[in-house]
Amino acid sequence: MDDHQLAAAVPASVPASAPDTTCGVALGIEPDAVADAVAAPAPAPFLPFALPDIGEEEIAAVVECLRSGWVTTGPATRRFEAAFADYLGAAVQAISVNSATAGLHLALEALGIGPGDEVIVPTLTFTATAEVVRYLGAQPVLVDVDPLSLNMSPAAVEAAITPRTCAIVPVHYAGMACAMDELLALARTHGLRVVEDAAHAFPTRYRGRLVGTLDSDITVFSFYANKTMTTGEGGMVIVRDPELARRIRLMRLHGISQDAFDRYVSKTPAWFYEVVAAGFKYNLTDIASSIGLEQLRKIDGFLARRQALAARYDAALATLPLILPPRPSGDSSHAWHLYVVRLRDDAPLARDELILRLSQMGIGTSVHFIPLHRQPYWRDNCAASPAAFPVAEAAYGAMLTLPLYTRMRDADQDRVIAALQALLS
């Protein structure tokens, strides 16, 4: 250690000229303690429950976008929409938005949801699923979930349908598809529209078909930072009906009749436009889309890694007092956005204590979700009580989300597994 380094390291009360021949002693530290500190291994880095997987390709794409001069909605966004639609196939249209929340709002608006209408949503979801219903002056109706999948329960949906019900919003929880055949059958029987909240579900398959190509009216994906692919913030609305697509595109950007991109790149004067509706400001930028294009190219590899990590958890945690996530059957598949476990009644620790102990061991977890019926706004505005949602209530008290992300190394996951085995065995 040279004099400059020593001066920076010692407290202000110790002269910087203090001799450094016996550094530890000069600072009032026992030599053995210095030796122990040098020999001790560095603490393992904290493991978050999620991290985005951003590579040099995404960084280069953003730089190229910045140099191009197009930083808002432009050519990269159009390429991203086309590439996403091509990935799904089935002649769908893909409309980019600045968040999945925006996409859900646009979807329900395009379907004509408004004051006096009821829209059925699961209580075990993020608040965005329900709040977009309130944006339109309609009433969310909360329902309980299936005890195995934690997805919206078709039986609970059927019991909640009234003459005012206009739509159902299934949430593909954690990346596993809802029982869409049953939900779509209910919708057909009662003349209801279906908007899939697929924020967790890219790329998930349901009975061989990718979510986004099923027989619902509209599907909305999320590209938030912790999702299976990311644009930082962003989302994609998937629709087949050209009239619904036209309305969503119109309302996405202020209700202006002519696309701003077309006006700005026109070789002839194209300054005239008309505002034909009171729209919103929900467009995705080219900066975000340039990231999305690179992430989309990697999505199959991302999925394979998530599947491998989930399989490792399944094998290593099977003997612990945990309820592990269900696996889809047949030709369905799981996107593994989240790996959610539930503590069994015979577990030696309660959920909150386990989360605390894992945090103290440098392991981050989360809870997905605090059910809407427990949130003050929804509790009061939906007259919701825990007794009406026994499955979600029991699951909430026992659940935690373990770290799972594509940058996670096997050694990182082994730390999580070892900690759980030490705390729960």
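**Close-up 1. β1 meets β9 in this predicted model.** The two strands run antiparallel and share five bridges (strands are DSSP E runs of at least two residues, helices H or I runs of at least four, numbered from the N terminus; strands pair when DSSP finds at least two bridges between them). I95 has V237 of β9 as its bridge partner. Residues count from 1 along each chain as its sequence is written. The model being predicted, local features need pLDDT of at least 70 and side-chain atom pairs 80 or more, while totals for chains, interfaces and linings use all residues, and side-chain values use heavy atoms, without hydrogens or water.

**Close-up 2. The open, mixed sheet.** Seven strands line up as β1-β9-β8-β5-β4-β2-β3. β1 and β3 (139-143) sit at the edges with a single partner strand each, so one side of each has no neighbour in the sheet.

**Close-up 3. I218 and its surroundings.** Leaving out neighbours within four places in sequence, I218 is in contact (heavy atoms within 4.5 Å) with residues including A107, V195, V237 and L244.

**Close-up 4. Strand β12, covered on both faces.** M399 and T401 on one side, and L400 and L402 on the other, are all buried (under 20% relative accessible area, 1.4 Å probe, protein chains only). Strand β11 (residues 339-343) pairs with β12 in the antiparallel sense over four bridges. Across from T401 in β12 you'll find V340.

How values were computed:
Buried means under 20% relative accessible area, exposed over 50%, partly exposed in between (1.4 Å probe, protein chains only).
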